[in-house]
Amino acid sequence: MESPDIRGGDGSDFATLETAEKIILRWDSTTSEEAKENLIFQSDREEVDRYLQAVDEVQRLVSSVSISDSRHEVKARSTIQIAMARLEDELRNILLSQTSTFEPDSLLLDSSASSFATRADLEDTEAVAADEGEGEGEEQEEMNLVLPDGSDSNSGSDPGSSRLSSRRSSCKSTSSIREIDLVSSEAVSDLRSIVHRMIGAGYSRECLQVYGNVRKSAMETIFKQLGIVKLGIGDVQRLDWEVVEVKIRRWIRAAKACVRVVFASEKRLCEQIFDGGEVEETCFMEIVKSSALQLFTFPEAISISRRSPEKLFKILDLHDALADLLPDMEEIFNSESSETILVQATEIQSRLAEAARGTLVEFENAIFREPSVVPVPGGTIHPLTRYVMNYLNLIADYKQTLVELIMSKPCAGLKCTNDPVKPDMDISQLEGCSPLALHCIWTMVMLQFNLEGKSLHYKDEALSHIFIMNNVHYIVQKVKSSTELREIIGDLYLRRLTGIFRHAATKYQRATWVRVLNSLRDEGLHVSGSFSSGVSKSALRERFKAFNTMFEEVHRVQSTWSVPDVQLREELRISLSEHLIPAYRSFLGRFRGHIESGRHPENYLKYSVENLETAVLDFFEGYTTAPHLRRSQ
């Protein structure tokens, strides 16, 4: 389709109008089948330039006072109207032809390249392609605070411990925006030329409507590719938490891509095409507003959902992700018209912070209320203790965030509770501790209080002391094994905990061995008479018999008790051996001859010192059935 040169007239405005009109009408798709089937901007560049020059000339004539003839003015305005309708079609077709689909991985930012990586980034590296239901059983087990009676407490696994090894950078984002070309540079030039003329002719509303609709649809497509689907607040809150956890990890990765890549690139495209001003901002907001609202519906739903301890760390992941994104959002949504999006994100982050604070208090209360009363077998470490200490280790992992969020001391710690049952915490020696430190210490106080109550359900007093010793020792070891948690708790309280488990060990020894060792004392064995003084063999036989019976019973029972920590178990055996073995060796050495000279000495001298030393090695092994005691030959 060839068009006349607009400069070929006689030089008058009327001739120019006639020439320009011919060019424009040749591309009027309402009157020409050829125009309907072809596109101007798919023609050669000379034709594109001629058409745009024709539009410029007619617009110049319409805007000038040179057309005094009303018929020519009407004709010019009609021609402009036809040209604008055509340019509107061209604008739509260029935008549609340039709407590309992106591989989600090309949009997702590499967390290793960012100065800030949340735990969600680290966890989702391998899980992003996994099914939503896979791999969640372990986390659910970790977060099941209300433990059923008779839970398997012999498991050596520490829920969540594998997650403790990953530490998050404390750096915030500064320049994480990564703009990409949403359309080609040639298309940008064509779009600019169309938009400039439509706005100049007073067709900005039509221009923005076409541009906004196409780009908005492209934005929605990208969101679907990133896995961001339309979910209302109620829809999110009805999902199982295991599903929500997976969605949180994916949302964080997708949100970074949306803000730093998609929104930023869309804004740059608007800047390239519209040359700033109110029109540019209006168009940008028209494109991204609904998608941004959709994006932030998810964390908003989490922020107002029911609080429970297992949600804390995912809430913190969301909070940290938003905190990381806000500087970039301030750069992208920096106009008055886009302020609402920035305000919404800031308010959601604030609500997530409040949810985290409330969840921490709920965690403390849940420890206090944990109801299990069936004693764990063998006095071993209670599942509640494992859960709480792994939870505190994770809290320590989020130390920087929580120090900023937790600004108040635990209420109960300040003795402002009216609950006569809850323990009070003496904080007179904890001045200078941060509110987070006081919350962690208070949590351990609540745990100790709960454990003391559980210890009362053991019928054997000595076993109740073993139970307290095991659990408080486990608390101490978990604090020592975490640099972050130890730094929060401080050595002063750690020494107090150490004193508690050592005192429990001493109380165990007294409860078990005082009576046993009393049978090895000399009192009541010596007799005196008018003819001789010496040892009562009958009393001596009863002493040996009593010792054998008591030691056999202690061995039978306490070899089924459990002290899981190898070093603590060995220390406890050494300590009891230091009391038992010398006492037995001395007693045996002094009185063995009296028994051996009598009848059936084997019934009383059943064990050698070496037998006892060997038997002590069976103690606290957690045997299902006590091993057989070896006797002297």
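**Questions about a predicted model**

Biologist: Where is the place of Tyr-623?
Modeller: Tyr-623 lies in the segment after helix H23 (609-616). Keep in mind that this is a predicted model.

Biologist: Why does Tyr-623 count as partly exposed?
Modeller: Its relative accessibility is 33%. Buried means under 20%, and exposed means over 50%. Tyr-623 falls in between, so it counts as partly exposed.

Biologist: What does Tyr-623 touch, not counting residues up to four places away in sequence?
Modeller: Tyr-623 touches Ser-559, Thr-560 and Asp-618. Trp-561 is 62 residues from Tyr-623 in sequence, yet the C-alpha to C-alpha distance is 7.3 Å.

Biologist: Which residues form one aromatic cluster with Trp-561?
Modeller: The cluster holds Trp-561 together with Tyr-508, Trp-513, Phe-547, Phe-551, Tyr-584, Tyr-607, Phe-619 and Phe-620.

Biologist: Where is the place of Phe-620, and why does it count as buried?
Modeller: Phe-620 is also in the segment after H23. Its relative accessibility is 0%. The limit for buried is under 20%, so Phe-620 counts as buried.

Biologist: What phi does Phe-620 have?
Modeller: Phe-620 has a positive phi of about 65°, although it is not a glycine. Most residues other than glycine have a negative phi.

Biologist: What phi does His-600 have, and where is it found?
Modeller: His-600 has a positive phi of about 45°, and it is not a glycine either. His-600 sits in the loop between H22 and H23. Its relative accessibility is 44%. That lies between 20% and 50%, so His-600 counts as partly exposed.

Biologist: How many aromatic pairs does the structure hold?
Modeller: It holds 24. One of them joins Tyr-387 and Tyr-391.

Biologist: What makes the pair of Tyr-387 and Tyr-391 tilted?
Modeller: Start with distance. The ring centres are 5.7 Å apart, and pairing needs centres within 6.5 Å. Then take the angle. The planes stand at 40°. Stacked is under 30 degrees and edge-to-face is over 60.

Biologist: Why are Tyr-387 and Tyr-391 separated by about one helical turn?
Modeller: They are 4 residues apart in helix H15 (residues 383-397), and so about one helical turn separates them. Tyr-387 has 6% relative accessibility, and Tyr-391 has 2%. Both values are under 20%, so both residues count as buried.

Biologist: What kind of aromatic pair do Phe-544 and Phe-587 form?
Modeller: A tilted one, at 5.1 Å centre to centre and 55° between the planes. This pair links distant parts of the chain. Phe-544 is in helix H21 (residues 537-558), Phe-587 is in helix H22 (residues 566-596), and they are 43 residues apart. At 0% relative accessibility, Phe-544 counts as buried. Phe-587, at 0%, counts as buried too.

Biologist: How do you know that the charged end of Lys-267 sits over the ring of Phe-284?
Modeller: The charged end is 5.2 Å from the ring centre. The distance limit is within 6 Å, with a further condition on the direction from the ring.

Biologist: What makes H12 roughly parallel to H14?
Modeller: The axes of helix H12 (residues 277-303) and helix H14 (residues 339-369) come within 10 Å and cross at roughly 5°. Angles under 35 degrees count as roughly parallel, so H12 is roughly parallel to H14. Among the residues making the contact are Met-285, Leu-293 and Phe-296 of H12, and Ile-341, Ile-348 and Leu-352 of H14. By class, this contact has 12 nonpolar, 3 polar and 3 charged residues.

Biologist: At what angle do the axes of helix H8 and helix H9 cross?
Modeller: Helix H8 (residues 185-200) and helix H9 (residues 204-225) cross at roughly 145°, with axes that come within 7 Å. Val-195, Met-198 and Ile-199 of H8 meet Ser-204, Glu-206 and Cys-207 of H9. These residues divide into 4 nonpolar, 1 polar and 1 charged.

Biologist: Which residues is Ile-273 in contact with, leaving aside its neighbours within four places in sequence?
Modeller: Ile-273 contacts Val-188, Leu-191, Arg-192, Val-195 and Tyr-211. Ile-273 lies in helix H11 (residues 241-274). Its relative accessible area is 3%, under the 20% limit, so Ile-273 is buried.

Biologist: How many helices and strands are there in the protein?
Modeller: There are 23 helices and 2 strands. Of the 633 residues, 51% count as buried.

Terms used:
Residues are numbered from 1 along each chain as its sequence is written. This is a predicted model: local features need pLDDT of at least 70, side-chain atom pairs count only at pLDDT 80 or more; totals for chains, interfaces and linings use all residues. Side-chain values use heavy atoms; hydrogens and water are left out. Axes are lines fitted to C-alpha atoms, for helices over the stretch in contact, and angles run from 0 to 180 degrees between N-to-C directions. Angles under 35 degrees count as roughly parallel, over 145 as roughly antiparallel, 65 to 115 as roughly perpendicular and the rest as oblique. Contact means heavy atoms within 4.5 Å. Ala, Val, Leu, Ile, Met, Phe, Trp, Tyr, Cys and Pro count as nonpolar, Asp, Glu, Lys and Arg as charged, and the others, Gly among them, as polar. Rings of Phe, Tyr and Trp (its six-membered ring) pair if their centres lie within 6.5 Å; planes under 30 degrees apart count as stacked, over 60 as edge-to-face and the rest as tilted. Buried means under 20% relative accessible area, exposed over 50%, partly exposed in between (1.4 Å probe, protein chains only). A charge sits over a ring if NZ of Lys or CZ of Arg is within 6 Å of the ring centre and within 35 degrees of the ring normal.
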